[in-house]
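Hi,

Here is the structure I promised to pass on.

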Amino acid sequence: IPTTTPLQQLYLLNSSFVQTNAVALAKLAEPPLAGSAEVVPDRLRRLFGRVLQREPTAGEESAAQRLLDDVRMTDQEAWLLIAHGLLASNEFLHVD
């Protein structure tokens with residue numbers, strides 16, 4: 001099973017390059033029309049499709065919804081965190 005070392009993972013979580021790309025990725029997953037009502041799964045599917053080339057599992061959708069329901073952060077911050085997490089995931093870094 002491919003994995004990353006702790007130092008590699010820290011780089012991915014703290015790298016300005018990865019953070020910049022997470023911001024761009026989160027923006028790409030925004031609804032096509034400003035102000036359009038869109039359900040979370042559609043936006044999440046766009047993120048997963050772009051990064052991991054697959055749809056999110058029910059568990060992943062549930063985890064994303066819990067993050068979006070967190071009152072301590074804005075939706076924009078939550079989507080940025082989701083995008084950053086996908087870019088730092090082992091599944092993104094290693095091809096089967």
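Below is what I found, going from the overall fold to a few single residues.

A word on the ground rules first. This is a predicted model, so to speak of local features I needed a pLDDT of at least 70, and side-chain atom pairs count only at pLDDT 80 or more, while totals for chains, interfaces and linings use all residues. Residues are numbered from 1 along each chain as its sequence is written, and side-chain values use heavy atoms, with hydrogens and water left out.

**Overall**

The chain has six helices and zero strands, and from the N terminus its elements run α-α-α-α-α-α. Helices here are DSSP runs (H or I, at least four residues; strands are E, at least two), numbered from the N terminus. Of the 96 residues in the chain, 28% are buried. By "buried" I mean under 20% relative accessible area; exposed is over 50%, and partly exposed is in between (1.4 Å probe, protein chains only). Among the contacts with a separation of 6 or more, 53% join residues 24 or more positions apart. A contact means heavy atoms within 4.5 Å.

**Helix 5 and what covers it**

Helix 5 covers residues 75-87. Its 13 residues should span 18 Å at 1.5 Å a residue, and its end C-alpha atoms are 18 Å apart, which agrees. (The expected span is 1.5 Å times one less than the number of residues.) The buried residues of helix 5 are Ala-78, Trp-79, Ile-82, Ala-83, His-84, Leu-86 and Leu-87. Their cover includes helix 1 (6-14), helix 2, helix 3, helix 4 (58-69) and helix 6 (90-93). As background, an α-helix has 3.6 residues a turn, so residues three or four places apart point the same way.

**Helix 3 against helix 5**

Helix 3 (residues 40-52) packs on helix 5 at an angle of about 25 degrees, with the axes 10 Å apart. Axes are lines fitted to C-alpha atoms, for helices over the stretch in contact, and angles run from 0 to 180 degrees between N-to-C directions. The two helices are therefore roughly parallel to each other. The cut-offs are under 35 degrees for roughly parallel, over 145 for roughly antiparallel, 65 to 115 for roughly perpendicular, and oblique for the rest.

On the helix 3 side you will find Val-40, Arg-43, Leu-44, Leu-47, Phe-48, Val-51 and Leu-52, meeting Trp-79, Ile-82, Ala-83, Leu-86 and Leu-87 of helix 5. By class, the residues of this contact are 11 nonpolar, no polar and one charged. Ala, Val, Leu, Ile, Met, Phe, Trp, Tyr, Cys and Pro count as nonpolar, Asp, Glu, Lys and Arg as charged, and the others, Gly among them, as polar.

**Helix 2 against helix 5**

Helix 2 and helix 5 pack at about 120 degrees, with their axes 8 Å apart, and they are therefore oblique to each other. This crossing of helix 2 past helix 5 is right-handed too. Val-18, Gln-19, Asn-21, Ala-22, Val-23, Leu-25 and Ala-26 of helix 2 make the contact with Trp-79, Leu-80, Ala-83, His-84 and Leu-87 of helix 5. That comes to nine nonpolar, three polar and no charged residues.

Ala-22, in helix 2 (residues 16-28), is buried at a relative accessible area of 0%. Leaving out residues up to four places away in sequence, Ala-22 touches Leu-80, Ala-83, His-84 and Leu-87.

**A few single residues**

- Gln-9 sits in helix 1 and is partly exposed, with a relative accessible area of 21%. Its C-alpha is 7.1 Å from that of Ala-88, 79 residues apart along the chain.
- Gln-65 is in helix 4 and counts as partly exposed at 30% relative accessibility.
- Gln-53 lies in the loop between helix 3 and helix 4 and is exposed, with a relative accessible area of 65%. Its phi is near 60 degrees, a positive value in a residue other than glycine. Most residues other than glycine have a negative phi.

Cheers

Terms used: Left-handed = near helix turned anticlockwise from the far one by under 90°.
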